[in-house]
Every structure is written in structure tokens, then in C-alpha cells.
2 protein chains.
Amino acid sequence: MPDLANANSNSSLDKDHQPDRRTFLQGAAAAAALTAMPRWAHAYPDDFAAIGAEIEKRHDEAVRRLQTWIRQPSIAAENRGMNEGCEMMQQMLGEAGFSGIKKMPTDGQPGVFATLDAGASKTLGLYFMYDVKQADPAEWSSPPFEAALVDKPGLGKIILGRGAVNQKGPEATFLAALHAIRGSGRKMPVNLAFVAEGEEEIGSPHFPQVVHQPEVMAALKKCVGIFMPQASQGLDGQVTMTLGAKGVIECELTSSGERWGRGPRKDVHSSNKARLDSPAWHLLEALASLVSPDGNDPAIENYTAKARPLSDAEKKMIADAAKRLNEADAKKLLGVERWVHDASWEQALELLISRPTVNIEGLVGGYTGPGGKTILPSKAVAKLDLRLVPDMTAAESLQLLRAHLARKGFGDMEVNMTGGYDPTSTPADSLLIRVESAVYRRSGIDPVLLPRNAGSWPGYVFTGDPLRLPAGHFGLGHGSGAHAPDEYYVIESSNPRVQGMNGAVLSHVEYLYELAQAS
Amino acid sequence: MPDLANANSNSSLDKDHQPDRRTFLQGAAAAAALTAMPRWAHAYPDDFAAIGAEIEKRHDEAVRRLQTWIRQPSIAAENRGMNEGCEMMQQMLGEAGFSGIKKMPTDGQPGVFATLDAGASKTLGLYFMYDVKQADPAEWSSPPFEAALVDKPGLGKIILGRGAVNQKGPEATFLAALHAIRGSGRKMPVNLAFVAEGEEEIGSPHFPQVVHQPEVMAALKKCVGIFMPQASQGLDGQVTMTLGAKGVIECELTSSGERWGRGPRKDVHSSNKARLDSPAWHLLEALASLVSPDGNDPAIENYTAKARPLSDAEKKMIADAAKRLNEADAKKLLGVERWVHDASWEQALELLISRPTVNIEGLVGGYTGPGGKTILPSKAVAKLDLRLVPDMTAAESLQLLRAHLARKGFGDMEVNMTGGYDPTSTPADSLLIRVESAVYRRSGIDPVLLPRNAGSWPGYVFTGDPLRLPAGHFGLGHGSGAHAPDEYYVIESSNPRVQGMNGAVLSHVEYLYELAQAS
């Protein structure tokens with residue numbers, strides 16, 4: 001799951017007033033509440049008041065559930081805690097009212113399938129992930145699997161931990177919405193079809209195996225769309241909605257004397273550089289051939305040929321967004337002073353949304369410890385990710401990378417794709433997106449709309465053949481630090497523009513009711 | 001200390017017969033021994049027989065001493081066991097007969113100074129190191145600090161461990177020679193002036209501080225030259241003598257968003273590559289500018305301008321050596337199939353000896369663990385070593401590297417020199433070298449002579465101003481794997497052409513006697 005907050009949710013302050021729902025819920029009687037509640041809730045005044053009270057009542061329970069979840073590391077990249085993480089999520093699904101909960105074996109980590117039949121006319125598809133990114137405790141101010149509750153100036157009470165915002169926090173928030181509806185004695189307004197994977201953070205290599213199971217396909221086909229819970233608010237409360245996401249290839253490029261037939265097959269004394277080729281230099285030359293001389297523009301032959309240029313409508317969407325999103329905030333959040341090519345803010349957003357990339361995630365070669373070690377390494381590795389836009393595909397792009405390397409004299413280089421998938425797109429006028437937009441607006445937020453998220457998620461499994469369903473993320477609330485140290489999710493917000501967990505739970509309740517009503 | 005065995009001691013089989021001294025010493029009576037002993041020993045038949053017997057007697061003691069030494073890790077790069085390693089060596093010096101043993105403080109790890117006054121007319125300078133390279137136990141077949149004695153087919157009984165050949169093994173062998181001389185009731189034929197450092201493996205940054213102490217300078221000035229014990233024999237028993245060594249600069253090149261003012265100051269989500277510069281790509285572009293497009297020839301501006309071309313005499317020396325050294329053996333030892341530029345064997349030796357290099361020791365950037373992690377790293381580091389030939393100097397070369405980077409648009413890059421020094425040269429007609437050669441020849445070995453070792457050692461401290469002394473390595477015996485896993489030193493040789501430890505001890509005894517006699 002991309003760190004959406006870092007990618008493009010650094011929005012300007014919302015000019016509309018936005019109620020601090022938690023304060024409201026805590027302080028007001030049900031009758032008084034009605035005057036402040038979202039307009040849609042006027043149709044269900046009793047439900048709204050009762051569910052709101054139930055959210056309040058179950059706040060501590062919901063926080064504890066999230067803490068329990070974060071405290072169970074489940075890192076696919078390290079094959080750590082995966083069984084435990086899968087079991088725990090299944091148990092949580094049962095407690096939240098799902099039935100027919102099944103572990104779905106794959107060639108990698110298992111997925112999970114479940115349904116919740118409310119006898120409603122509409123069915124919503126849900127996509128969860130139970131894995132999280134790796135975490136290096138040395139980089140964290142609080143242990144990443146402790147799920148500490150911390151007061152942070154400007155934010156309020158936050159939960160710190162790997163998975164806090166990506167994605168256990170928002171997922172636990174959605175489950176809390178189900179608990180609140182059921183706990184208040186109400187009936188679910190829509191049916192749910194749930195599908196989850198445990199390999200999102202390694203590029204979802206086996207998720208299609210889960211989705212393509214006949215019973216899963218049958219259940220998903222009935223859905224109006226697929227929905228993933230998310231903490232969509234920026235630091236200023238603003239929400240950015242995206243109509244899809246880039247695709248991605250994650251791969252390791254390995255240069256070795258063994259495969260090359262030049263240079264040493266094992267590390268040798270560095271003095272031999274004078275008479276031997278170096279697999280490390282070979283890797284560097286191969287890498288340099290993949291991008292423009294400044295390292296910024298992909299130079300893999302034909303790589304961007306199928307990249308669909310932004311349409312006029314998309315360009316306008318971005319221009320509008322650029323006016324509303326705050327460049328200084330975005331730069332501050334990212335810790336940067338300049339965009340690539342010294343682009344303007346609007347250009348930077350266009351690049352972010354429209355440009356395929358070739359990024360170095362990591363370099364590992366030879367001696368990596370303190371000081372030096374006079375060796376000529378026999379092997380060096382670059383970890384790359386390539387972001388793709390429609391109509392590029394992962395399979396084709398990988399093939400182009402391999403062909404480029406072969407043509408440039410680097411055919412010996414091992415290219416090991418560790419994960420990835422195609423770009424994904426969802427129509428702006430789909431029910432899923434219209435309802436999301438409506439709930440945000442009724443919550444006092446005018447969402448910024450962007451053609452695409454620059455991060456990636458395996459939405460193509462839903463939006464592509466054969467399902468061709470709309471798919472998107474939704475939810476109020478705020479968090480940050482996905483894939484980074486000190487990942488957090490706001491539990492009690494001190495900023496009236498940003499929802500805490502209760503407000504985020506309520507946003508999901510509203511979404512489900514809104515979806516049931518919409519046509 | 002360079003891995004000389006790997007660099008150029010892969011010699012062809014010596015056509016001369018070479019006695020298996022260990023077998024000889026074990027099996028023969030003193031009288032019988034005289035017929036097989038080196039010619040010089042005829043002058044001292046009693047000494048020779050008595051010392052030979054003493055070497056035999058003290059074999060187990062000598063092996064235990066070496067094991068004790070290896071079992072004490074002393075790794076300057078990790079500041080590990082340095083005090084203990086320094087103390088242990090001082091104690092060993094005392095036991096071997098040195099006096100006035102002094103720890104010499106520096107701005108880094110301390111050196112050691114000691115003398116052994118035998119009332120002789122000549123004084124020999126000794127250079128030791130008490131530090132060893134790092135070792136990753138996972139790569140070793142036996143723990144690197146266990147000093148296991150192992151039978152290895154084709155070699156005999158070897159000692160496995162970090163420092164076995166580089167340099168504790170040969171150093172312990174030299175100390176065993178002193179024990180043997182003293183233990184047999186003989187007087188040392190020459191005086192010794194001993195100087196040691198604990199930072200050889202990190203480029204000897206503070207060794208000049210030791211040597212330039214007035215009392216050390218005074219003692220060294222009296223020396224005929226400076227000598228470092230070494231296991232000089234290749235797998236085939238052949239010995240290659242070198243008349244100096246390349247200089248070296250070890251440095252870290254660091255690219256960071258912080259210093260660059262472009263790209264992120266902390267790791268951010270990799271989707272941002274589309275709109276941000278990448279410090280990792282920046283590093284790669286900087287590195288690519290340092291070498292020719294194939295990564296093989298230095299391209300740092302003016303870097304090689306002062307590299308003195310090989311003289312006709314040096315070229316002839318190399319051509320002669322190429323005829324005697326076995327290319328196939330060298331390739332096998334290094335695990336390579338081709339030389340750089342598909343050079344011939346003679347060309348490869350010329351390159352090895354005469355070419356300055358820019359080598360990548362290691363690459364570390366961003367995520368280096370298993371699988372991938374979708375980040376755009378804020379920082380990336382290359383560990384480099386640059387080998388220098390006369391008349392290049394370390395200071396000037398470092399300055400050229402910095403100037404080159406600045407000119408090419410990489411002035412933001414941090415260049416942290418972690419160690420290094422100038423090239424070193426010793427005249428072929430110096431007493432030190434003549435005696436080495438003589439002892440080898442009298443041991444039945446016609447040494448291959450090369451103008452320079454492609455590795456580096458801080459000999460410039462002795463051969464440069466103000467001392468201008470000859471300096472070189474000497475010793476029979478064999479080992480390999482310096483700076484690599486499974487470093488070893490042969491204790492009991494199963495190959496009649498290669499000396500085990502006792503034979504190596506005797507070679508040092510012979511050297512000291514020969515030196516005393518020579519003029």
C-alpha cells in the first residue's frame with residue numbers, strides 16, 4: 001500500500017468548516033446531535049444517534065483491538081508472523097459479524113475470504129491486507145510492534161507502530177464500524193464480500209490466485225465495487241481522492257562474476273581491480289543505462305511507449321488540485337527543497353501522476369559494514385521499483401527491461417521480479433466514487449480529485465478483466481509514516497479539522513448507509 | 001596488508017628441487033642434516049643443528065602461541081579487542097626476548113615499540129601489525145576466531161582463522177625463530193628494532209605518529225632496512241619478491257539529499273521518484289564519471305598524470321615473471337576466466353603492477369534487507385579504494401578526486417578518506433633485498449622478481465623521507481584468504497615444495513644469520 005499521505009495528501013487548509021465529530025459525540029445528547037449530523041442521517045435519525053453512542057461506548061475496545069493487531073508483526077518480506085497474523089484477522093472478522101471465513105491457500109502466503117449477508121439489496125466488496133512493511137526498531141522512537149499510545153503536539157493522541165496507518169489502523173476502524181452497527185442493534189445496510197491477502201507489501205504476487213477462486217469470483221461479481229478502508233485526511237483535514245493508481249514492478253538486478261563470466265566468482269583482494277573486471281562497476285553501468293544522465297528520466301528502450309498521456313480533463317483535474325493543495329506543506333512533509341527539474345508545483349503533480357519511474361530502493365554490494373574492506377566484490381545488487389501508468393503492463397515492462405539490458409551488453413544481469421502488477425483505473429462516475437465523494441462533502445470536505453495515485457495497490461485484480469469493477473479507498477482520519485519509521489494513526493485528534501478514530505469509524509458507517517441509499 | 005598470495009604469488013612449479021624441510025628435520029640426525037642444509041649454514045654447523053632441533057621441540061608451543069593470538073580478535077575497523085590485542089602482542093614480544101617494550105599512543109589505536117640488543121654490529125628493523133580484517137562468521141567453514149587446526153587435502157595441516165596468514169601467522173613464525181635461537185642457547189646474530197601498529201587494515205592513518213617519535217626514529221635510523229614476516233610461497237612453493245607496493249586511498253563517497261539540497265532529506269515513499277531527485281542515482285552518476293564506460297579505467301581528471309610508466313627494466317622483469325608464473329593457476333586461485341580487456345598474461349601482470357585503479361569495495365544505500373521496500377532513499381554510500389603508483393601521492397590523488405567531483409557537478413558529495421598512504425619502492429640492490437634473494441636461492445627457490453606489489457602496505461613511512469630505508473617482506477611458508485573467508489596458514493605441509501611452520505621458522509633463522517654475514 002502506498003503512503004498516500006506522503007504522495008499527495010499534503011493539502012491546503014480546507015476553507016469549509018468541518019465539525020470535530022469526536023468532541024461532538026462525547027458532549028452532546030442525541031437530540032442535540034441531530035442538528036449537527038450529516039444530512040443523509042436525517043433519514044435514519046434513530047440509527048445515527050444509537051450508532052454514534054455505540055462508537056463512543058466501544059472506543060476503548062476498538063483501540064485495544066488495533067493494539068492487539070499491531071503487536072502481532074506479520075511481515076511477508078521476512079516471512080515473520082504470517083500464520084499468526086492471518087489467524088488473528090480471521091478471528092477479528094468473526095467477531096465483527098462475518099461468516100464463512102476461509103483461509104485461501106496460494107503459492108505464497110494465504111489469503112482470506114469471508115462474507116456478511118445482511119439480506120440487503122447491495123453488496124460491497126472489501127479488500128484488506130494483513131501484512132505490514134518491515135521495520136528497523138533502531139529507527140523508531142517507540143518499538144514498532146508495541147503500539148504505544150502517545151500524545152503528539154498538533155496531532156493529539158496517536159498510536160505508534162508498524163501498520164498503524166498502513167493498513168491495520170483503517171481496517172480496524174472499519175471493523176469497529178461493523179461492531180458499532182451490530183452493537184446498537186441495527187442491521188447492516190449492505191452485504192459485504194471480503195477478500196484479503198498477506199503479501200500486499202511484497203507486490204501481491206499471489207493475490208490473483210485468491211480472487212480467481214470460483215466462490216470468490218462469484219461473490220465479488222455481485223458487488224457494486226471494491227473498497228479499502230483508508231485514513232484519507234491530510235494534516236489539515238483535507239482529503240484527496242484518486243481514480244486509480246500506478247502499477248509497479250519490484251525487482252532485484254544482480255551482477256555477478258559467476259553469471260557474467262568476467263571478474264571474480266568470489267570476492268578477491270581489491271588490488272586485482274587493475275587486471276580484473278568488476279561486477280559492481282558492471283552493475284553501475286547497467287543501472288546508468290536505465291535512466292537519463294541526471295538519473296531522472298527512464299531510458300529503458302520503449303518502456304514509456306505505451307504510457308498514455310494525460311487527457312485534457314486529467315490535466316485540468318491536476319491544475320485544479322495544484323491550486324488547492326499546498327506546495328510548501330508537501331515539501332515540508334517530504335523533507336525536500338526542490339522538485340525534479342525544478343518543476344513548478346503543478347508540473348510536479350503532473351509528473352507524480354503521469355510519469356513512469358525507475359527508482360533505486362536499495363544498493364547492496366561487497367563490503368557494507370563500518371569503514372572499508374579492500375575487496376573486489378564478486379556480486380552487487382540493486383533493488384529497483386518501476387512505477388507504471390496505463391496502458392503499460394507489468395509483464396510487458398519487465399520484458400522491456402530485460403530486452404534493454406540484453407541490447408546494451410548487460411544480458412548477463414539477473415533480473416528477479418519480486419512483485420508487482422498493472423496500473424488500475426476507476427471511472428469518476430462509478431457509484432463507489434460518487435458515494436465516497438458525497439460522504440466527504442456531507443462531512444464538510446470538498447475532496448481534491450486526482451486522476452491517479454502515484455503509489456500502487458493491486459486494484460487491477462478488481463478493475464481489470466474479468467471483474468471490471470470500480471475500486472477505491474475511503475475513510476476519514478489521519479496517519480502517516482507508511483513504509484517509514486514512527487508510522488502513526490490518530491486516535492484522538494487535537495485538530496478540529498482532522499478526525500480521530502471515532503470520527504473515522506463514523507465515516508465508514510455513513511458510507512455504508514449512503515451506499516445503501518444511493519442509485 | 002595485501003593478500004600477496006592472491007595478487008601475484010600464483011607461480012608455476014619451481015623446476016629446482018626443494019627439500020621438504022619439516023620431514024628432513026623430523027627424520028634426520030644432525031650430522032645427516034648437514035649434507036642437506038643450506039650452504040650458508042656450513043659456517044655455523046652447530047648453530048644450525050641446535051636451532052633446527054629447538055624449532056622441532058618448540059613446534060607445539062609455537063602453534064599454541066599462534067592459536068592464542070588468532071583467538072583474540074583485534075579489528076580496528078570495528079574497534080574490537082584492540083587493547084587486548086595490543087597487550088597480547090607486547091607480552092609475546094617480552095617472551096621472545098625484546099626489552100623496552102612500549103605502547104605508543106596515537107590519535108587512533110596505539111602502536112608498539114621495542115628493541116632487542118644482541119650487541120651485534122647490524123640492526124634489522126621489524127614492522128608488525130596486531131590488527132586483522134573484519135570477518136563474517138557466516139561465510140566461514142570454521143569460526144574465524146577459533147583457530148581450528150584442519151587437515152586440508154593438497155595442503156596438509158592448516159590453521160584456519162582471521163589473521164592466520166595476514167599477519168599473525170607469519171609474525172608468530174618470526175617470534176618462534178627468536179625462541180628457537182634463544183632456546184638453543186645461541187646469541188641473536190643481529191639486533192632488532194621493532195615497531196608495530198594496530199591500524200594497518202584501516203589504512204594506517206596514525207602509523208607515522210608512531211614512527212616519528214624521536215626514540216623510534218633514532219632506533220630505526222640504525223637499521224639496515226625494515227622487514228615484515230610473510231608467508232611468501234605460493235601453492236607450488238614458488239616465491240615472488242616485490243620491490244615496493246602501490247599506495248592506496250580508502251574512502252567513502254556519500255550522496256545525501258541533505259547535503260545536495262535536492263531529493264529528500266529522509267527516506268520517502270518511492271512513488272515520489274516521479275517528482276524528486278534521487279541521491280542514489282546521483283551517487284551512481286558520480287561514480288560513473290570516475291571510470292571509463294566499461295568501469296575499468298580511471299577517468300578522474302589528472303589522476304594518472306603522475307603515474308610513472310614502467311621502465312624497460314621493469315617491463316623486462318614482468319616479461320620474465322610472466323614466463324615463470326602460471327596463468328591458469330592464477331586464474332583458478334582468483335576464480336576468474338578472463339583478464340580485463342581480455343589482456344594476455346603478460347599484459348595482465350603489467351596492468352596489475354603499473355595501473356592506478358578506482359575500485360568499488362562496497363555499495364550501501366536505502367533498503368538492503370531481503371526482498372524490496374518501496375522507498376526513495378535519502379542517502380547512498382560507495383566505499384572505494386584507489387591504488388596509486390609512483391609518483392602519485394595519496395594527498396594529491398584525494399585532492400584530484402574532490403576536484404573532479406566538483407567540476408562534474410558532484411561537489412555536494414561527501415568524500416571521507418578513511419585511510420591510505422603513498423606508494424613505496426625499495427632498490428633491488430639494497431642489502432635487505434639481496435639477502436632475501438640469497439636465502440631463497442639457497443633454499444632451492446629462484447624467486448620471481450616484480451617491480452611492485454599491487455596491494456599496499458605503509459612501507460612509505462620507512463622508504464620515504466626522512467628515513468629512506470629499504471623495506472620488504474620475507475619468509476617461506478604458505479597461506480591464503482587474507483581479507484576473505486577461510487583464511488589459512490599451513491602448519492604442516494603435505495606438499496614437499498611448500499614449507500610448513502617449522503620450515504618457515506627456519507627461513508627466518510637463516511635470514512637473520514645471512515644478514516649478519518652479508519655486506
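**Chain pairing and sheet organisation in the predicted dimer model**

Strand β12 (residues 357-366) of chain A pairs with β12(B) in the antiparallel sense, over five bridges. Strands are DSSP runs (E, at least two residues) and helices likewise (H or I, at least four), numbered from the N terminus. Two strands count as paired if DSSP finds at least two bridges between them. Within this pairing, A:V364 stands opposite B:V364. The model is predicted: local features need pLDDT of at least 70, side-chain atom pairs count only at pLDDT 80 or more, and totals for chains, interfaces and linings use all residues. Residues are numbered from 1 along each chain as its sequence is written, while chains are lettered from A and ligands numbered from 1 in the order in which they are written.

Chain B can be laid on chain A with an RMSD of 0.1 Å. In chain B, the C-alpha nearest the axis belongs to B:V364, 2.6 Å from it. Superposition was by least squares on the C-alpha atoms of residues with pLDDT of at least 70 in both copies.

The contact takes 82 residues from chain B and 84 residues from chain A. Residues are in contact if their C-beta atoms, placed from the backbone, lie within 7 Å. On the side of chain B that touches chain A, β12(B) gives the most, with nine residues. That side divides into 35 nonpolar, 26 polar and 21 charged residues. Here Ala, Val, Leu, Ile, Met, Phe, Trp, Tyr, Cys and Pro are nonpolar, Asp, Glu, Lys and Arg are charged, and the others, Gly among them, are polar.

The axes of α11 (residues 279-288) of chain A and α11 (residues 279-288) of chain B come within 10 Å and cross at roughly 115 degrees. Axes are lines fitted to C-alpha atoms, for helices over the stretch in contact; angles run from 0 to 180 degrees between N-to-C directions. The contact is made by L284, E285, L287 and A288 of each chain.

Four bridges join β7 (residues 223-229) of chain B to β18(B), and the two run parallel. B:M228 stands opposite B:H473 in β18(B).

Note on methods
Two residues are in contact if their C-beta atoms, placed from the backbone, lie within 7 Å.
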